[in-house]
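The following paragraphs examine how two chains are arranged and how they meet.

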There are 2 protein chains.
Amino acid sequence: MPIDQSILEELETVFYPDSIAIVGAPRDERKPGSLYVKGLLNAGFRGPLYLVNPSVVIVQGIQTYSSLISIPGSIDYVIVNIAKRFILDLLDECREKNVKVIQIFTAGFGESDEDGASDLEQKIVQKARSLGIRVIGPNCIGVYNPAHRVSIPWVLPREAWKPGGVAYLCQSGGNTGFFLEISVKRGIRFSKAISYGNGTDIDSPDLLEYFGADPESEIVSAYIEGITDGARFFEVLKEVSSLKPTVIWKGGLSGAGARAAGSHTASLAGSEVVWEAVLKQAGAIQVEGLEELADTILAFQTLPKLNSKRVAVISGLFGAGGGASVASCDALSRQGLEVPVLNAETIAQLKNTLPFDGSIFQNPVDVGAIATSDLVRFSKAVELVFSDQNIDMVIIHLPVKLLLCSFPVEYVDDIMEVFLKVRQTHNKPLIVLSQKLSAPIEEDLLEQKCAEAQIPTYSTVERAAKAIANVIKYQEFKADACAP
Amino acid sequence: MPIDQSILEELETVFYPDSIAIVGAPRDERKPGSLYVKGLLNAGFRGPLYLVNPSVVIVQGIQTYSSLISIPGSIDYVIVNIAKRFILDLLDECREKNVKVIQIFTAGFGESDEDGASDLEQKIVQKARSLGIRVIGPNCIGVYNPAHRVSIPWVLPREAWKPGGVAYLCQSGGNTGFFLEISVKRGIRFSKAISYGNGTDIDSPDLLEYFGADPESEIVSAYIEGITDGARFFEVLKEVSSLKPTVIWKGGLSGAGARAAGSHTASLAGSEVVWEAVLKQAGAIQVEGLEELADTILAFQTLPKLNSKRVAVISGLFGAGGGASVASCDALSRQGLEVPVLNAETIAQLKNTLPFDGSIFQNPVDVGAIATSDLVRFSKAVELVFSDQNIDMVIIHLPVKLLLCSFPVEYVDDIMEVFLKVRQTHNKPLIVLSQKLSAPIEEDLLEQKCAEAQIPTYSTVERAAKAIANVIKYQEFKADACAP
């Protein structure tokens, strides 16, 4: 069953609203709902932004309206931050204003144990659908679309407004905000993201289908707590995975986690064994935790040509390479990656290039501290390793703190130049291990520069190894699927 | 075979030198050897510090001597940073000055494939021993003893000079420096650490025995690449583990890692299966990687009373608790920990304390964003969870970035006050999850304050769960060993 392209039109307003009204914009800026105003102002949303608050005149410098109806302009998208008992009535106002989508931030529905809360949730969704209104949520923080300048209630960093190819659907608001924040800092660029909470109307199969069809989304990622229509979920996931790398973190796999998922997004979490089998069969890559999710997506985004397991490791810049070399081998091997012996010719040339004592001329190559202060030698050593026919990708350890002990911060640029040059010359992936210590803020500089240059950085080799292995797992799935 | 206490006297000068000479103190401050001078000056080493350099008069403001012999005072400890061909002759000078210990920074011995390098290493050690001189290394960075103000060649942060109970022996210089730096920032306090490289004279069994006997060392940790006397290693390790928690990271377990260990410290790494069995049988806790090593030691140091698996999780401070709750359950369960249901009475009281919508009154408890701006309610909720009889330890999620979005940085102190009060009232471990995002430098503040208060912080629940599980593993080993 191929992806139904009509989903793009169906959910058009979800991701591309022309005008937004926030119903229940709070005066107290410490209340969570006020972050919608902050977030959209920070994003520079281009359409009209209306605030509704019956008793306040000005919120964050914006004149409020006493009701949705009293807004003069047209509104196609409403953010709902009012007590749940008022939402059914609000829908009538939405109908009158010809609203197409509402996003319900309000919580306390099916996920709570309050009598009648689950029924109210169903009533709201049924009434909305009967009025031609689609619902995001309830119990969610909504949509982020950098190209269209739509924001979740979160003051996202500057980098968040450079669009890219990663789509993200997420049942948890926190796992949306935290994930976007840590990801954009590392150079991950998003097409769209959506926190959809209980998923009572628009649910994961709809969103997977949308991102599968969306030409702007090249990698699809998700945090899912539960699904209602398992068969459709599997069908759509299989289809999307065959088109685009699909990375899924399934929350609530443990007994306690499933109980928590029920209280969080009213989800029936399902068993661990079933989920693992389903995701594997569908060709999706399963990850555990926000860090592995970000690590893996970063690898998919920056290393699309990764298709072999033969890694070279270069360590010892600014000293201290031996232990890192040993640890790298162990961590890479544990993930099924290979750290092959270098070509004899490469070894011979490395011996002519690097100082003899304190260097290691194998793979991992320890360039020795001295080489780092001589970028000509260092550059040549890197070049030799990249040229080796036994090697398909290169990981370089770079302890920025040690660099800053001996060199001015501008030296980071010189190192970056070596990286950019070798990446331009060779068609092999480069991964940087940026071990952060207790140095001043300048430590982040290298990571920022790498993020800009789309060179992936990882804080430990264990994390890099896992991310690389996840990408290779997907390539192998694709190769198997294409085999006759 | 009980620990032989005479080892304390035997290795006294290794850890408590009265006077230090650095032979080969380089003029160029970018050369690695010059970090010995920097490190010892930064440490404020109390004894005389002499520098030897035949051709330079002043190095880092210190008058140098042209040879060891020409130094007027007595010297018991020499740091060797000269080409290896000169070391045999240097030993004669050491003998003349009555030196007791030399620490050889110079590399390029058994770990290199140079003809004769391994023989030279043996000759140096044999000659030293015959002259009554003990050797640390070669190919190592030496000793750190905060109480005695001895430093490795590394400008360690201020916190490094508060002594504590953690001993660390490490074959790798990098894994010594990096480990100390990340550890002291997190509040880990050391008795002593030693980087011993090839371990040709003083080797891991000697050092384990020393730390086993040392009254200042309460937790023993190690990074080991290889051993020569397996039987003695096992005997000593077993004895030390029975006295003190012993945490071991074995490097070179993979094929490639073993090859790298051979090139790094001339170690025969041994098979993964054998090592796992040996460490388990000896009662040592095996970890993988620097992060898990630090995470685990921090747990041993700060949570000595940890002896049960029943964890409560509190999330949702400053918003965003549901997803974190689900993920916490999964990660804790994966490590064999329990997230039990709270007492009915606790749940009832939580419902009276926290806002109804957006909170979750189970374990994990999502306190809801609103509670966080009302520390009286938050404090009461924390108190209720700590008081629950089903609960033996509490993990609190604290996203500092979100705190800083809504509150001034001083609010960190108010939160800390809640933590300190509850820790004082209850005899239950408290663990803080400090999720760092792209906030300004103030993000570190909470971690620093927790480190000072000896409340352990972890960046992810996965890391906390693993560390807690490692401590419990040791408690179980001890309980089994003591069972009739």
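How many residues does the contact take from chain B and from chain A? In this predicted model, the contact draws 77 residues from chain B and 77 residues from chain A. Chain B is superposed on chain A by a rotation of 180° with 0.0 Å of shift along its axis, at an RMSD of 0.0 Å. The two copies are therefore related as by a two-fold rotation axis. Both copies use the same surface, since 100% of the contact residues of chain B recur in chain A.

The extent of the interface can also be expressed as an area. Between chain B and chain A about 5,400 Å² is buried, and carbon and sulfur atoms give 59% of this area. B:F178, B:R259 and B:V326 supply 11% of the area that chain B buries against chain A, more than any other three residues.

Four salt bridges are counted between chain B and chain A. The side chains of B:R334 and A:E288 meet in a salt bridge, with an N to O distance of 3.3 Å.

On the side of chain B that touches chain A, the elements that give two or more residues are α6 (173–185), β12 (246–250), α9 (255–265), α11 (290–302), α12 (322–334) and α16 (400–406) of chain B. Of these, α12(B) gives the most, with 10 residues. By class, this side of chain B has 33 nonpolar, 25 polar and 19 charged residues.

Key
Residues are numbered from 1 along each chain as its sequence is written. Chains are lettered from A and ligands numbered from 1 in the order in which they are written. This is a predicted model: local features need pLDDT of at least 70, side-chain atom pairs count only at pLDDT 80 or more; totals for chains, interfaces and linings use all residues. Side-chain values use heavy atoms; hydrogens and water are left out. Copies are superposed by least squares on the C-alpha atoms of residues with pLDDT of at least 70 in both. Contact means heavy atoms within 4.5 Å. Buried area is the accessible area (1.4 Å probe) that two parts lose on being put together, summed over both. Helices (H or I, at least four residues) and strands (E, at least two) are DSSP runs, numbered from the N terminus. Ala, Val, Leu, Ile, Met, Phe, Trp, Tyr, Cys and Pro count as nonpolar, Asp, Glu, Lys and Arg as charged, and the others, Gly among them, as polar.
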